[in-house]
Amino acid sequence: MDSMFSGKKEKDKWKDQSNDARRVAAEVRSSLSIQNVSIKANCVYRQSEMALHEARLKGMTDDQIDKLFQDVMKDRNVTGKQLEQNCSTIRRDIKIQLIAQFKRTEQTHAKNGPLDLCAMMQMLKDGKNNNFVEVMEKVRVTLQSETVSWIERFANVGGARLLEDVMTRLIEILEQIQAGDRQYSESFEDEIITAFYDTVQGTRSFINSWPGIKATFTNDSKLSHRLIQCLYVSLARQDQSDLNDGLCFQIIKLLSVICFLDEGEDDDAEYIELSGHTMLMRDLTEVGKERNVPRFTCITKCLIHKRSDIVKCGINVINVLLSKAGDSPDTAWMVRMHYRSEFMRSGMREAIPYVEKMCEESEAVANAYKGFEAERRSDYEDFVGRYENLKGCYESLDDCIEMVRRRVNGDSGCENALLSIMQHLLLIGDDRHAMISYYRLIESCISEVVFGDVGCDPDFEKRFVFETSVNNMLGQLDDSAGAEVSAHMNKRLEQITLAKQEALVKQLKYYEKLEDFKKEAEALRQHIGDPSKPLPERTVCTLPPPEVYASLPKVIGGPLELPPSPGIARVTGGPPPPLPGGVRGPPRPSPPPSTGLRRP
C-alpha cells in the first residue's frame, strides 16, 4: 500500500515538473515572439525614419545638399582638393544616398562609444588581460573604419595616451623575452609582435585625422619615443622573421610620416603644438642616451636591412630630417652638414656601399638615395663657396694667422694641436724649391681633409697612409715646379718677342704717318707765303692712340709670376673642419681624383 502511494506520488511529481517545463517554454516562446515583434517594429520604424529623412533631403536645394555632403566627407577625413573634386563630380542622387547612409551608420556608432575600447586597453596596460592580439586587432579595425567625430571622442577620453601605454607594455614584454625570460613561449612572442603591428597601424590611422594630430603632436607626447624604442628592439632580434620585418617596416614608415608633419606646412598645422621634426629629434636623442648609443643608430641600421622598402624608408627619414634642419636659408646648409656628419658617424658611412648596391636592385631606393646625394653635393658647393669668400676677405697672412689664433684660444681644446702644426712647419728647410714643394703638399693635404668627404665631416677614425715615399713626392713636386717655371718663362718670352715685333710695326706706321703730316705742313707754309700755290690734300690718320696698347705685356722689368701649384695626390680623412658660417660664394671645382694616397 505504501509502495503504491509512493509510486503515485512520484508520477504526480513528474507530471508537475512537465507542466512547469511546458509553462516555461510557452513563456520563452511568448517572450521571443514579443522580442521579434519589437525588433521588427524597430526595423520598420528605422526604415520609415530613413525614408522620411531621404524625402526631406530630396526636397532640399543643391547648396543645402552640398553643405551636408561636405560635412559627411569631412567626418570621413576627406578634405582639401579631394573634397572639392568630390563635391563637383558626384551626382546629386548619389550625394543624397551617401548622406542617408552616413545617418544610419552614425546611429549605430552612437551605441558603440570609445569608452569600451579604452577600457579594454586599460586592462592590457594594468596586466589584467594578456589577450593583446584580439584587443589590438579590434582597436586597429575600429580606428581604420570610424569617423573623425568618433576619433575625436576617442582622443578626448584618453585614447592617445592609452595607445602609448600599450606600446610601453608590449616593449617591456619583448625586452624580457630577448633577455631570456622563460615565462613567455615563442608563440607568445609572435603574438606580441602581431599585437604591436596592429597597434602601429591603428596609431597611423589615428594620426591621419585632425583629432589624432592634436592629441599626438604635443610637448608631453611619447608616441615617437615608444616607436623608436620598439624599432631598436625589433632590429636587435637575432632571428629576423617576416613578421618582425613587417613590424620594422610599419614603424620606420610611421616615423617618416611623423617627421614630415610641421607647423605652417599642412592643412592640419593649426592643431600641431610641437612639430614632428622637433619631436622626433628630441626622442631620438633621449632614446640614444638611454641606450648609450649615437642617437641616429636605429635609422642607419635600417639602411643595411635585407628588405628594400625598409632601406627606402630609412633614407626618406634621413632626407626629411635634413630638409627641415635650420630656420634660416643662409645657415640651413651648415645644420644639414652637421646632421649629415652625425649620420655618417652613426653607421651610415659603412652602410653606403650596401645602399649603392641596393640601388641597382630597387628603383625606389635609387630615387631616395639620389635625393640624398643631390642635397649633399649642393651643401658641399656652399661650403666651398665660403672658402672662396674667405680667400677674398682674408688676403693677408697676418690676418689669417690672427683669426686662427683667436678661434683656438680659450676652451676650444685645439691650441696644442695648432701649436704642434706650427712647430712642424718650422722644421722645413730653407731651400727655396724644397720649401715650395713642402708647402704645396701640406696645402693639398689640408684641402683634402677639409673638402674630402662631400657634404659631411671626414672619417675621424682613419689615418693617412702614403702609398709612395714622401721624398719621391717632394722630388716630383720640385721637378714639376722647375719644369713649369721653365715652360712659363718660355711662354712669357714668346709673348714678349711677339709684342716687341708688333710694337716695331706700329712704330713704322706712326713714322710714315708723321712723314705725311710733315709734307702737308711744308705745303701749307708755301701756300701761306704764296697764295697762288694750291692747298695740299688733307692727311687722314686712322691709327689708334697709344693708350690702347697699354695692356700689352711688359717688355722688360718686373718679377715673373709663378704658375699655379700642380695637382697633388688626393688625401682623405683627418680632423674636422670648423663649423662654417658666412655668405655663400661661387662654387669651387672638385679636388683631383686620388692617385697617391689611400686610407687603410
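With which residue does Asp309 form a salt bridge? In this predicted model, where local features need pLDDT of at least 70, side-chain atom pairs count only at pLDDT 80 or more, and totals for chains, interfaces and linings use all residues, the partner is Arg307, with the closest N and O atoms 2.6 Å apart. Residues are numbered from 1 along each chain as its sequence is written, and side-chain values use heavy atoms, with hydrogens and water left out. A salt bridge is taken as a side-chain nitrogen of Lys or Arg within 4 Å of a carboxyl oxygen of Asp or Glu. Asp309 is partly exposed at 23% relative accessible area, and Arg307 is partly exposed at 26% (buried means under 20% relative accessible area, exposed over 50%, partly exposed in between, with a 1.4 Å probe and protein chains only).

The structure holds 18 salt bridges. One of them joins the side chains of Glu342 and Arg295, at 2.7 Å from N to O. This pair links distant parts of the chain, 47 residues apart: Glu342 belongs to helix H16 (residues 332-361), and Arg295 to the loop between helices H13 (276-291) and H14 (297-302). Helices (H or I, at least four residues) are DSSP runs, numbered from the N terminus. Glu342 is buried at 16% relative accessibility, and Arg295 is buried at 18%.

A salt bridge also forms between Arg336 and Asp379, whose closest N and O atoms are 2.8 Å apart. Arg336 lies in helix H16 and Asp379 in helix H17 (residues 363-393), so the pair ties together parts 43 residues apart in sequence. Both Arg336 and Asp379 are buried.

Note on methods: Helix = DSSP H or I, 4+ residues; strand = E, 2+ residues; numbered from the N terminus.
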